[in-house]
Amino acid sequence: MRKSKVIVFLIVLFSLFVSLPVFADSESTTPEPYNKEEFPQALKDLRRFEIVTLGSMPFVMLDCNMVYSGILYAQGKTQSFNPLNTSNYSTKQQLGLILTSFSISCAIGLTDFAVNKIKSGKIEKTKNSSKNNSVLIVPIEEDPDAIKIEVPEDIDDVLEDVE
């Protein structure tokens, strides 16, 4: 009796899932691309920091393993230099390598964040200065401080002598 209830329940559940798309909204379900104002700049910067930090982690981990293995080999604590073989490391050594790698990756992410903030500040400063320092062209007849310089009549002869 219990099996039949489970089977009936599964049939009802399956028929529900099959019939639900019939009642879907008639509007288009095509996703729209993000616009520039959809996310605040702080979230974009945080996302970039996350991507740079986590993206650099494998490379930094490999470099830390190479350096640490080289130090152990130079001190004579291991017989061979093999940075990919971490099975001989104790739990404390492995934790130290992971924390060191994570710290260096975070430093790389923070450096990228600082460089981008400085760049965006310079770009914003340039945009603002170009708006405030616009050039206003005034005809010479309308400018009371303008001095009109007379061109000599024999300017063509002077230019020919210069050439």
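Reader: Let me start with a single side chain: why does Asp 157 count as partly exposed?

Author: Keep in mind throughout that this is a predicted model. The label rests on relative accessible area: under 20% is buried, over 50% is exposed, and partly exposed is in between. Asp 157 has 46% relative accessibility, so Asp 157 counts as partly exposed. Asp 157 lies in helix H4, which covers residues 155–162.

Reader: Which residues form a negative surface patch with Asp 157?

Author: The patch is made up of Glu 153, Asp 154, Asp 156 and Glu 160 together with Asp 157.

Reader: Now the nonpolar counterpart. Which residues form a nonpolar patch on the surface?

Author: That patch consists of Val 6, Phe 9, Leu 10, Leu 13 and Phe 17, and together they have about 510 Å² of accessible area. Take Phe 9 as the example: this residue is found in helix H1, residues 2–19. With a relative accessibility of 56%, Phe 9 counts as exposed.

Reader: Let me step back to the fold. How many helices and strands are there in the protein chain?

Author: The protein chain has four helices and zero strands. Following the sequence, the pattern reads α-α-α-α.

Reader: And what share of the residues count as buried?

Author: Of the 163 residues in the protein chain, 10% count as buried. The surface can be read as an area too: the protein chain exposes about 14700 Å², and carbon and sulfur atoms supply 63% of that.

Reader: How should I read contacts along the sequence, and what share of them join residues at least 24 apart?

Author: Start from the contacts between residues at least 6 apart in sequence; 61% of these join residues at least 24 apart.

Reader: Then let me pick Phe 49. With which residues is Phe 49 in contact, leaving aside its neighbours within four places in sequence?

Author: Phe 49 is found in helix H2, and its contacts beyond those neighbours are Cys 106, Gly 109 and Leu 110. For Phe 49 and Leu 110, the C-alpha atoms are 6.9 Å apart in space, although the two residues are 61 apart in sequence. Phe 49 is partly exposed, because its relative accessible area is 22%.

Reader: Is Ser 56 buried or exposed?

Author: Ser 56 counts as buried, since its relative accessibility is 11%. This serine also has its place in helix H2. Not counting residues up to four places away in sequence, Ser 56 touches Ser 105 and Ile 108.

Reader: What does Met 66 contact, apart from its neighbours within four places in sequence?

Author: Met 66 is in contact with Phe 81 and Pro 83. Met 66 lies in helix H2, residues 41–74, and counts as partly exposed because its relative accessibility is 37%.

Reader: On to charged pairs. How many salt bridges does a search of the whole structure find?

Author: The search finds three. In the pair of Asp 45 and Lys 117, the closest N and O atoms are 3.0 Å apart. Asp 45 lies in helix H2 and Lys 117 in helix H3, residues 91–132, so this pair ties together parts that are 72 residues apart in sequence. Asp 45 is buried, with a relative accessible area of 14%, whereas Lys 117 is partly exposed at 38%.

Reader: Which residue forms a salt bridge with Asp 112?

Author: The partner is Arg 48, and the closest N and O atoms are 2.8 Å apart. This pair links distant parts of the chain, with Asp 112 in helix H3 and Arg 48 in helix H2, 64 residues apart. Asp 112 counts as buried at 19% relative accessibility, while Arg 48 counts as partly exposed at 41%.

Reader: And where do Arg 47 and Glu 50 lie, and by how much of a helix are they separated?

Author: Arg 47 and Glu 50 are three residues apart in helix H2, so about one helical turn separates them. Their salt bridge has its closest N and O atoms 3.1 Å apart. Arg 47 is partly exposed, with a relative accessible area of 47%, and Glu 50 is partly exposed at 37%.

How values were computed: Residues numbered from 1 in each chain as written. Predicted model: local features only at pLDDT ≥ 70, side-chain atom pairs only at ≥ 80, totals over all residues. Heavy atoms only, no water. Patch = residues over 30% accessible without salt bridge, like charges linked within 9 Å, V, L, I, M, F, W, Y side chains within 5 Å. Areas by Shrake-Rupley, 256 points an atom, 1.4 Å probe, with all protein chains shown as cover. Salt bridge = Lys/Arg side-chain N within 4 Å of Asp/Glu carboxyl O. Lys, Arg positive; Asp, Glu negative; His and termini not counted. Charge placed at Lys NZ, Arg CZ, Asp CG, Glu CD. Helix = DSSP H or I, 4+ residues; strand = E, 2+ residues; numbered from the N terminus. Buried < 20%, exposed > 50% of the residue type's maximum accessible area, 1.4 Å probe, protein only. Contact = heavy atoms within 4.5 Å.
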